[in-house]
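Work through the exercises below with the structure open. Try each task before reading its solution.

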Amino acid sequence: MNSIEAFKFSHLTTREALAQCQAAWENLLAQMEPSNVFLEWQWSHSWLSCFDAEPWVVLVRDSTDQLVGVAPWMLEYRQGVRQVRFIGAGLTQPDHLDIIALPDQRDSVCKALAKWLKSCRHQWDVLKLDSLDEKSPLPKALDEQLGKGLYRASTPCPYVDLQDIPNWETFQKQRLSSHMRSKGLRYLQNVLNRENPGLVTYEQVIDPALVAPALECLIDQHRQRWAEKETYTPFEDAQFLNFHRNFAIEAMKRGWLGLYRLKVGEQTIATVYGFHYGNKFYDYQHALDNAWSKFSPGRQLISFIVQDAISRNHREYDFLCGTEKYKYSWTQTERHDQNIIWTTGLRGYLWRLALMIKQKIKRNAASDEA
């Protein structure tokens, strides 16, 4: 443990050490506003276990030994360099990541962490912070200590503002276009019900015994849809699947799981996998049966979840990262997660230089095609 100014730092590099700080981590996150399901200890622990990785987590304590900050990082060896990243970054695509800190100490914790990183820069080459919350004070602190970072294109994350929306009727009038209300939802719902009288049901999976089969259905439908597009999906990765199979069960135990499906008889035609957390719904993944696509079952299921979110007094429906067209039929509001890189040492400098050259070649190629 070493000290910088008024703070003390503990560097955790094993899962065993991480397990010992679970209660303190969860208590600190509960005081953070806004909190984030992707910053939960259980998310990090499950990811590290399923991907057989070790943490590079930094705990920050004040002079009274109270935990006031957590940097939920991991260290990976990629392309011949040591990369520090947020736990789970990349394949599992967690969004709005940040340092966990008490609200009144957020700035000072970020400044102290930046100084700590500078003091141990011999231990890392690249600090690659993807999906960083747009309001985080961390980039400014890192720029001051490590030099100006490489700021790449931000990631749009559409969301629906549910604040001051008392019911579904008000939501439709204030948030949706007339075309979306009449043609995009009401008409398609009526057609689906008319062609399948008495068979259409919407449900949230609340029985623990049904979580696994519902998730497997989503996996199968997702794979089928992307196979037809001949496009890679992380749902082909065994570790990714194992992580979500495990985390969905943990999320169910803690009351976070938002697993919904639209069924016609016994057949599931659409599934949404997400999380209820901190007065918002995180819409993490969709899947649907292509044979029913003419009814837009995914859109219909979202309408059911929005109604449920309103009934729970959620303040937001978060579509997370991505600019898929369907999201903008629900909202035009978005936030932008940051993607920033800092480097140190010769290996870090060469890695950054190679990345910049690669990006320039890509831009020139795109310009030539245009």
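**Exercise 1: A surface patch**

L353 is found in helix α11, which spans residues 345-369. This is a predicted model.

Task: Classify L353 as buried, partly exposed or exposed, and find which residues form a nonpolar patch with L353.

Solution. 
- Step 1. The relative accessibility of L353 is 36%.
- Step 2. Buried means under 20% and exposed means over 50%, with partly exposed in between. L353 therefore counts as partly exposed.
- Step 3. L353 forms a nonpolar surface patch with L346, Y349, L350, I357 and I361. Together they have about 620 Å² of accessible area.

**Exercise 2: A helix with buried residues**

Task: State which residues of helix α5 are buried and what they pack against.

Solution. 
- Step 1. Helix α5 covers residues 138-146.
- Step 2. Its buried residues are L138, P139, A141, L142 and D143.
- Step 3. The buried residues pack against helix α4 (106-119) and the strands β5 (73-78), β8 (126-132), β9 (150-161) and β15 (334-343).
- Step 4. G147 follows α5 and has a positive phi, near 90°.

**Exercise 3: Two packed helices**

Solution. 
- Step 1. Two packed helices are described by the angle between their axes and the distance between the axes.
- Step 2. On the α7 side, M180, G184, L185, L188, Q189 and L192 take part. They meet R299, Q300 and S303 of α10.
- Step 3. Leave aside neighbours within four places in sequence. D308 is then in contact with Q204, Y260 and H276.

**Exercise 4: Backbone details in loops**

Task: Find where the phi values of D52 and Q93 are set in the chain, and which residue is joined to P34 by a cis peptide bond.

Solution. 
- Step 1. D52 has a positive phi near 50° and is not a glycine. D52 sits in the loop between α3 and β3. At 59% relative accessibility, D52 is exposed.
- Step 2. Q93 also has a positive phi near 50°. Its loop runs between β6 and β7. Q93 is partly exposed, at 46%.
- Step 3. E33 is joined to P34 by the cis bond, with omega about -5°. P34 lies in the loop between α2 and α3.

Notes
Residues are numbered from 1 along each chain as its sequence is written. This is a predicted model: local features need pLDDT of at least 70, side-chain atom pairs count only at pLDDT 80 or more; totals for chains, interfaces and linings use all residues. Side-chain values use heavy atoms; hydrogens and water are left out. Patches are made of residues with over 30% relative accessible area and no salt bridge: like charges are joined within 9 Å, nonpolar side chains (Val, Leu, Ile, Met, Phe, Trp, Tyr) within 5 Å. Accessible areas come from the Shrake-Rupley method with a 1.4 Å probe; for residues, only the protein chains shown count as cover. A salt bridge is a side-chain nitrogen of Lys or Arg within 4 Å of a carboxyl oxygen of Asp or Glu. Helices (H or I, at least four residues) and strands (E, at least two) are DSSP runs, numbered from the N terminus. Buried means under 20% relative accessible area, exposed over 50%, partly exposed in between (1.4 Å probe, protein chains only). Contact means heavy atoms within 4.5 Å.
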